[in-house]
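Please keep the structure in view while reading.

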Amino acid sequence: MEEKKGVAERLTLGITRILESMPGVADTRFVEREPAEKRSLLSWEQKNTCILPEDLRDFYLTTDGFTLTWSVTLDNECVPVGCMMINSVVRLRQLHPPTTLFSLPNAPTLADLDWDGGSTESESEDCPAVPHFDSRSRIFELDSCGGNGKVCLVYRNCSQGIVAQQSHIWFLDRSLYWHYLTPTFTSYYRLMLTHLGLPEWQYSFTPYGASPQAKQWESLYPPLTFQRELGPVDPAGDPHFNNKLDPTKAFKGRSKVATPKKKQSTQSGPGGSAKGHVSVGKHAVVRR
């Protein structure tokens, strides 16, 4: 029990305790998952001709995906608000857009949005060039964002048959515009936690921002970005965060515990091990 609680605390960086201290917050749930098999990661890399970033690999060797949700009580009703999610390895699928947007002859395709042809790409250290919808980029969905867009692991400058290695995290909004988020998975993971999984929080990194309803939730439960609940200022000078996330401590790969075989006995004692929800403080850990 204590070991499971320690893993949950380490993965959430104490966010559950912070949420439970906020007024009105109820039913904070962290879904615990077993670590991914190393062979599953190797199979994914071979199938997609991509090398997983080291920090994302360490994350999957700790937990095969991540889900943390929380609700608030309004008029004696529990209303879902926050959701933090990272897809499992199996659901880390490549985006294959439809060939056409309309079922008409000579209809435009998503690849037609790449009107620049890749000849005049502008790129800087702070913001790489925008991904493409064609074979020049390999795009994998980390989070569907509840239908409000997609957070993606993006490999750019890809060539057929060549293993892609360098990746970044981007947000694809509902109007199919790309918005650069972070250079590494670790940075995005920290960004997700500090924004508490609020609705449409990714739109804070777009020119137009979130919807009025999402902004109301943000005013009631402000992100921790500019607060100090999670620790000292990042010594690397990252402008987004005030907490220092060490992936070597947060993402410690753990091995699956083999289930011992039952020994035959002439006596059978009453009782057994309970399965299902494991209560940790005010939130529940759901075994899958």
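Predicted model: local features only at pLDDT ≥ 70, side-chain atom pairs only at ≥ 80, totals over all residues.

A search for disulfides across the whole structure finds zero. Cys 152 is accordingly in no disulfide, and the nearest cysteine sulfur, which belongs to Cys 145, is 8.1 Å away.

Cys 158 is also buried, at 11% relative accessibility. Its closest cysteine sulfur is in Cys 50, and because the two sulfur atoms are 5.8 Å apart, they are too far from each other for a bond; a disulfide would require them to be within 2.5 Å.

## The open four-stranded sheet

In which order do the strands of the open sheet follow one another? The order is β4-β5-β6-β7, with antiparallel pairing among the four strands. β4 (138–143) and β7 are the edge strands, and since each has a single partner strand, one side of each is left without a neighbour in the sheet. From one strand to the next, the twist averages 40°.

Within this sheet, β4 pairs with strand β5 (residues 150–155) in the antiparallel sense over five bridges, and Cys 152 in β5 is the bridge partner of Glu 141. Helix α5 packs on the sheet and touches β4, β5, β6 and β7, while its direction makes about 95° with that of β7.

## The β6–β7 hairpin

Strand β6 (residues 167–172) is joined to β7 by antiparallel pairing over four bridges, and Phe 171 has His 179 in β7 as its bridge partner. The two strands form a hairpin with five residues between them, and in the turn Leu 176 has a positive phi of about 70°. Although β7 stands at an edge of the sheet, five of the five residues of this strand (residues 178–182) are buried, so β7 is largely enclosed by the rest of the structure.

Ser 167, which is found in strand β6, counts as buried because its relative accessibility is 10%. When residues up to four places away in sequence are not counted, Ser 167 touches Pro 53, Leu 153, Val 154, Tyr 155 and Pro 183.

## The β2–β3 hairpin

A further antiparallel pairing joins strand β2 (residues 66–74) and strand β3 (residues 77–86) over nine bridges. Thr 73 has Cys 78 in β3 as its bridge partner. The hairpin of β2 and β3 has two residues between the strands, and Asp 75 takes a positive phi near 50° there.

In soluble globular proteins, nonpolar side chains tend to be buried together. The largest nonpolar core of this model has 53 residues, of which Tyr 60, Phe 66, Trp 70 and Met 84 touch the most other members. Helix α5 gives the most to this core, with six residues. Apart from it lies another core of eight residues, which include Phe 133, Ile 139, Cys 152 and Val 154.

Met 84 has contacts with several parts of the chain: leaving aside neighbours within four places in sequence, this residue is in contact with Ile 15, Leu 19, Phe 66, Thr 67, Leu 68, Trp 70, Met 192, Leu 193, Leu 196 and Gly 197.

Leu 193 is found in helix α5 and is buried, since its relative accessible area is 1%. Which residues is Leu 193 in contact with, leaving aside its neighbours within four places in sequence? They are Leu 11, Thr 12, Leu 13, Ile 15, Phe 66 and Met 84. For one of these, Thr 12, the separation along the chain is 181 residues, while the C-alpha atoms of Thr 12 and Leu 193 are separated by 7.5 Å.

His 195 lies in the loop between α5 (185–194) and α6 (212–220). With a relative accessibility of 7%, His 195 counts as buried, and its side chain reaches the backbone oxygen of Leu 191 at 3.1 Å.

How values were computed: Residues numbered from 1 in each chain as written. Heavy atoms only, no water. Buried < 20%, exposed > 50% of the residue type's maximum accessible area, 1.4 Å probe, protein only. Polar contact = N/O pair within 3.5 Å; in protein donor to acceptor, adjacent residues only side chain to side chain. Core = buried A, V, L, I, M, F, W, Y, C linked by side-chain atoms within 4.5 Å. Contact = heavy atoms within 4.5 Å. Pairing = 2+ DSSP bridges. Axes fitted to C-alpha atoms, helices over the stretch in contact; angles between N-to-C directions.
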